[in-house]
Amino acid sequence: NHCTECSCSSGKETNKDTSSKKKKENGDQSFVPKIFFGTRTHKQISQITRELKRTAYSSVSMTILSSRDYTCIHPVVSNSGSNRNEMCVELLEGKQGKSCLYYHGVHKLSEHHAQQSAHGMYQAWDIEDLVGLGRKLRACPYFAARELMVGADIVFCPYNYLLDPQIRDCMEINLKGQVVILDEAHNIEDCARESMSYGVTESQLRAAREELDFMINSNVRQKDHEPLRAVCCSLT
């Protein structure tokens, strides 16, 4: 049920409501924040969207941000294993003289959701729903989900999309003035550590040390390379 204690249900207008109305009368649009809902896993997003469907807010515009591992439908890229991101970028840049048919049809998914909303048929959805529709319309679910973020009131995504600054920049997520909800927030510390961690093997360290030795012996930016070599030596 909708709230019963706030001014929107009783018809009363607060000073804040009046000022926002004045802004609209002057032609300025009032800022409406988005809700960013972060979860630990993609599976939990499916559970939450399923619950959203059962509420009075099931028709609120939404999107789900996830990786190409879950949303790529290109027959070659989606079956390529661990280098989906690189293959996708290469296709979009047309390096091999080929492009991605599904990427060029991304607008079909956005238009479908807009039509559903206009006819009062819009319902909360999960990743599987979007992927299934993407296959049917031959449109890329990965980029469609990002496009839908512009008009979405609720954005669901894994924790690291909100915590990792590189992913935030890549996905063009701006949290300033927005509402952020973190489900099972006791997992945040592990996620934050993971976002700022990087793993290397001993052989990689030895190879790096050899290359740094070569650069130092060749008098190439010695002041920069000597501290790096010292780090490699201390780790090995």
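## Strand 1 and its partners

Phe36 pairs up with Val180, its bridge partner over in strand 4. That's one piece of a parallel pairing between strand 1 and strand 4 (residues 179–182), which are joined by four bridges. Keep in mind that this is a predicted model.

Strand 1 also pairs with strand 3 (residues 154–158): five bridges link the two, again in the parallel sense. Here Thr39 has Pro158 of strand 3 as its bridge partner. So how enclosed is strand 1? Four of its five residues (35–39) are buried, so the rest of the structure largely encloses this strand.

Which residues make the contact? On the helix 7 side they are Val106, His107, Leu109, Ser110 and His113, and helix 9 brings Pro141, Phe143, Ala144, Glu147 and Leu148.

## The chain as a whole

Stepping back, the protein chain has 14 helices and four strands. Of its 236 residues, 32% are buried. The chain exposes about 15,700 Å², and 50% of that comes from carbon and sulfur atoms.

Sequence separation is worth a look too: taking contacts between residues at least 6 apart in sequence, 73% join residues at least 24 apart.

Terms used: Residues numbered from 1 in each chain as written. Predicted model: local features only at pLDDT ≥ 70, side-chain atom pairs only at ≥ 80, totals over all residues. Heavy atoms only, no water. Buried < 20%, exposed > 50% of the residue type's maximum accessible area, 1.4 Å probe, protein only. Contact = heavy atoms within 4.5 Å. Areas by Shrake-Rupley, 256 points an atom, 1.4 Å probe, with all protein chains shown as cover. Pairing = 2+ DSSP bridges.
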